[in-house]
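Hi everyone, thanks for coming. I'd like to walk you through one structure today, so please have a look at it before I start.

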Amino acid sequence: MKTQVAIIGGGPSGLLLAQLLQTRGIESVVLERKTREYVLGRIRAGVLERGLVQLLEEAGCAARLHAEGIAHHGTLISYGDEMFRVDFTEHTGQQVMIYGQTEVTRDLYAAREKAGGGIEFNVADVVIEGADTDAPHVDYTVEGEARRLDCDFVAGCDGFHGVSRQAIPPEVRREYEKVYPFGWLGILTQTPPVNSELIYANSPRGFALCSMRTENLSRYYIQCSLSDKPEDWTDEAFWRELKRRIPAEQAETLITGPSIEKSIAPLRSFVTEPMRWGRLFLCGDAAHIVPPTGAKGLNTAASDVHYLYNGLREFYEDNRSDGIDSYSQKALSRVWKAQRFSWWFSSLMHTYPHQSEFDLKMQVAEIEFLRSNKAAQKAMAQNYVGLPY
Ligand code: APR
Ligand code: PHB
C-alpha cells in the first residue's frame, strides 16, 4: 500500500494531523495499535487552548465542541482556606474551553470515518524503515498478516510508549527527564462541579484539583504516593481527603457521589531532541510528556501538529521544504516553554518529600506574590491560555 504520510498512532495527535492533511487533499494512513473503543476509553484532561480550538475548527471538527464545551475565563488558586482568581480574559483577552479530551478524539474519529480516510486498527510489529532516505516505509502486521506502507513521510504520533522515538538513532537522540516523587489519584463522578471554574489547591496535606467535564460530570484529583494503588482508596477516603485540601467553604458545598472511574497517573517531564530524523517527524507524547498540572499535554501536541501540518502542506502545495526543515526547532521552542510552565506550576502547588519549613514558606510566598502581583498573574494567564504558535 502507498500513501503520502504514514501516521503511527490514532490518538489526538495522529488523528488531528490526518484530518488537517485531509482538508488539503494530502493522503495519509493512520496505523493504530489498539481498537477505536480502547482509544476512546481513555480519560484525559479537558482544557483546550485557543490554538487547539482553531485547529479543530480548521479540521472541520469543532461543531460539538462549540455546542457542548464550556468557556472558562479564569481559574481559582487556593492555599489553605485562602483562595483567589486569576482572570485569563482580563490579562490576555482569551479563554480556554473545557471539553473532554475523549470527546475531541471521538470527534476526530467521526470526521476521519466520514471522510473515508485510511485507518487501520490492531496493528502490531510496527517498524519504520528508511526514515533517513527519500522513500521511507512502515512494516507492520494485522492479525499476523504482514503488511507494508510506502510513503513520503512518517509522522510518529504513537505516544510515550510508541516505537517512533526509538527509530531515531541513540547517538543522535538526546533525552531530558524529570520524574516527580508523587502521582495524581483521579476520580470521575456524575455530580455537579464544586465550582464553576477549576480550583487548583495547595495544602500542607498535598495538592488537589477540582475540575469538570460537563455541568453534571466532575473530575477531581488529589496528590498521592507513588506506592498507592486506586484500590487502596475507597470513595469515602477520597472525598474525606479532598475536603481536607480545599478551602472549608468549598468542602462544605462539595457534592460527592460514587466514582465511575478511578485511576492513578505518575507525573513526569520528558523531552526528546531532535523531533525529526530524515523523513520521520515526532509529534505529541511521542516526543514529550508534561505533568498534567498545566493541562499542556494535548495542547502541546496540538502545536506540534500545527507546525508539521503547515510544513507538509507547503511541501506538497508550494514545493518548499523550509517548514519541515524548521519543524523540530520550532516545535521544541514551544515545547520547552510548556515544560517550564508545567514544572513551575507543579513546583508551586505540590508538597515534596523532605521539604524544609523554609521551602514551605517560599511556596506560600510565591503563591501570595502571584495573588498580589498583576504582572505575575498576567504571565501565568498567558501560559495557561496558550503561548502563540
Ligand atoms: N503502533 C501503532 N500505534 C501505537 C503504537 C504502535 N507501536 N504505540 C502506541 N500507539 C498508539 C496508542 O495506542 C495511542 O492510541 O498511539 C496513540 C498515542 O496516543 P496518545 O498517547 O494519546 O498520544 P498523543 O496522540 O500524542 O496525545 C497527546 O493527548 O492523549 C492525550 O494528554 C494526552 O498528552 C497526551 C496528548
Ligand atoms: C482535568 O479536567 O482532567 C484536568 C484539568 C486541568 C488540569 C489537569 C487535568 O491541569
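One definition before anything else: helices here are DSSP runs of H or I with at least four residues, strands are runs of E with at least two, and both are numbered from the N terminus. What you see is a predicted model, so local features need pLDDT of at least 70 and side-chain atom pairs count only at pLDDT 80 or more, while totals for chains, interfaces and linings use all residues. Residues are numbered from 1 along each chain as its sequence is written, chains are lettered from A and ligands numbered from 1 in the order in which they are written, and side-chain values use heavy atoms, with hydrogens and water left out.

Okay, ligand 1. When I say a residue is near a molecule, I mean that one of its heavy atoms lies within 4 Å of it. There are 26 residues around ligand 1, and Ser13, Glu32, Arg44, Gln101 and Asp285 come nearest. For polar contacts, the rule is a pair of N or O atoms within 3.5 Å; within protein, one must be able to donate a hydrogen and the other to accept it, and residues adjacent in sequence count only if both atoms are side-chain atoms. Ser13 has a polar side-chain atom 2.7 Å from an oxygen of ligand 1. Glu32 places a polar side-chain atom 2.7 Å from a ligand 1 oxygen, and for Asp285 the distance from a side-chain N or O atom to an oxygen of ligand 1 is 2.7 Å. On its own, ligand 1 has 710 Å² of accessible area, and the protein covers 92% of that. Those areas come from the Shrake-Rupley method with a 1.4 Å probe; for residues, only the protein chains shown count as cover.

Which elements give two or more residues to this shell? They are α1 (12–23), β9 (123–129) and α9 (297–318). α9 gives the most, with three residues.

Now over to ligand 2. Its shell has 13 residues, the closest being Tyr200, Ser211, Arg213, Tyr221 and Pro292. A side-chain N or O atom of Ser211 sits 2.6 Å from an oxygen of ligand 2, and for Tyr200 that distance is 2.8 Å. Taken alone, ligand 2 exposes 280 Å², and the protein buries 99% of that. In the shell around ligand 2, β15 (208–214) and β16 (217–224) each supply at least two residues, and β15 gives the most, with three.

Last stop, helix α13. Its twelve residues, 374–385, should span 16 Å at 1.5 Å a residue, and the end C-alpha atoms are 16 Å apart, so the two agree. That expected span is 1.5 Å times one less than the number of residues. At the start of α13, a side-chain oxygen of Asn373 comes within 2.9 Å of the backbone nitrogen of Ala375. Just after the helix, Gly386 takes a positive phi of about 115 degrees.

Other buried residues of α13 include Ala376, Gln377 and Tyr384.

Methods: Buried means under 20% relative accessible area, exposed over 50%, partly exposed in between (1.4 Å probe, protein chains only).
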